[in-house]
Amino acid sequence: MRPDLIAWLTTHGFTTLARVVPTSGAMYAAVFLICGWLLIRRARAIPLLADHAVDIWIAAGLGASVGARIYYLVINGKLWSTPFATWFGHSGTGSWGAYVGASLLVAAYAYARKLPVWPWLDVAASIAPLGEVIGRWACWLAGDDFGKVTTVPWAIHFPQGSLAWQAQVARGELARSATESLAVHPQQFYLMINALLLFIVVSAVWSRNRARSGVTFAAYLLLYGATRFWWEFFRDPAAGGAAHGLSSSQWLCIGFVIVGGVGTDWVHRARERAATA
């Protein structure tokens with residue numbers, strides 16, 4: 001999609017804009033920098049966390065990067081067939097691995113430094129959806145995570161040779177001579193809008209409950225799993241959607257909802273116990 005976007009901008013006289021169309025890698029770097037800046041800013045609003053804000057930022061970024069790559073290898077059955085030396089030398093990531101990896105490494109760092117774990121997870125959860133808002137632009141530019149074929153007015157096409165085009169040709173839905181794919185759901189933008197709304201909501205939850213450990217993290221898991229589950233029905237099977245039953249992402253959504261629900265109940269009960277003590 002990126003080469004076509006550059007060509008379109010150039011053709012229509014937007015040469016300067018065409019020169020600054022980012023690569024997918026640049027978008028992921030933006031995720032690291034922008035989310036890191038916001039994480040540090042929010043952490044420094046809490047005296048208990050301020051001194052370790054930069055370290056937690058690095059831990060979250062490293063955990064997200066490693067987790068995203070390992071998840072991709074696992075979900076595609078390539079973990080054991082890929083030499084360890086090249087695990088991180090090729091493209092291919094999965095957002096679910098980024099969420100889990102960042103959470104685990106943040107928790108591990110906090111535990112190792114004898115810091116309170118839950119406040120850090122709360123801060124990280126409050127900005128996690130923003131990472132997806134930015135990261136889904138990278139997905140669109142790369143043409144992955146595309147949606148199913150559709151006739152809705154807001155459908156989009158991908159160029160010849162794109163992942164959507166290849167999948168449709170392989171299924172016999174499209175002739176090899178076609179210059180673009182069939183119209184598909186703009187799955188990347190569905191997830192982007194969902195993440196933006198979630199970022200606003202979870203940020204509000206964190207702002208009002210920052211003194212109540214675990215509330216924001218549990219709310220994020222519950223809300224993310226519940227909202228993303230629906231949008232996964234629009235994903236093409238060749239891009240990770242389900243051909244039958246539920247996709248791996250939808251099963252993970254269910255897992256997030258369960259853990260988030262249990263966490264919310266635990267926090268509520270803990271608050272009641274404290275009130276009656």
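Q: Where is S181 found in this predicted model?
A: S181 lies in the loop that links α7 (163-170) to α8.

Q: Why is S181 called buried?
A: A residue counts as buried when its relative accessible area is under 20%. S181 has a relative accessible area of 2%, so it is buried.

Q: Which residues does S181 touch, leaving aside those up to four places away in sequence?
A: S181 touches H157, F158, A164, W165, Q168 and L174. Contact here means that heavy atoms come within 4.5 Å.

Q: What makes α8 roughly antiparallel to α9?
A: Start with the angle: the axes of α8 (residues 187-209) and α9 (residues 215-231) cross at roughly 160 degrees and come within 10 Å. Angles over 145 degrees count as roughly antiparallel, and that is why α8 is described as roughly antiparallel to α9. As for handedness, α8 passes α9 in a right-handed crossing.

Q: Which residues of α8 and α9 meet?
A: On the α8 side, they are Q187, Y190, L191, N194, L198, V201, V202, V205, W206 and N209. Their partners in α9 are V215, T216, A219, Y220, L223, Y224, T227, R228 and W231. Sorted by class, this contact of α8 with α9 has 13 nonpolar, five polar and one charged residues.

Q: How do you know that the length of α5 is close to the expected one?
A: Helix α5 (residues 95-112) has 18 residues, and from its first C-alpha to its last it reaches 26 Å. The expected span, at 1.5 Å a residue, is 26 Å, and the helix is close to that.

Q: Which residues of α5 are buried?
A: The buried residues of α5 are W96, G97, A98, Y99, G101, A102, V106, Y109 and A110.

Q: Why is K114 called exposed?
A: Exposed means a relative accessible area over 50%. K114 has 76%, so it counts as exposed.

Q: Where is D145, and is it buried or exposed?
A: D145 sits in the loop between α6 and α7. Its relative accessibility is 18%, and because buried means under 20%, D145 counts as buried. D145 also has a positive phi, of about 55 degrees, although it is not a glycine.

Conventions:
Residues numbered from 1 in each chain as written. Predicted model: local features only at pLDDT ≥ 70, side-chain atom pairs only at ≥ 80, totals over all residues. Heavy atoms only, no water. Helix = DSSP H or I, 4+ residues; strand = E, 2+ residues; numbered from the N terminus. Expected span 1.5 Å × (residues − 1). Buried < 20%, exposed > 50% of the residue type's maximum accessible area, 1.4 Å probe, protein only. Axes fitted to C-alpha atoms, helices over the stretch in contact; angles between N-to-C directions. Parallel < 35°, antiparallel > 145°, perpendicular 65-115°, else oblique. Left-handed = near helix turned anticlockwise from the far one by under 90°. Nonpolar A, V, L, I, M, F, W, Y, C, P; charged D, E, K, R; others polar.
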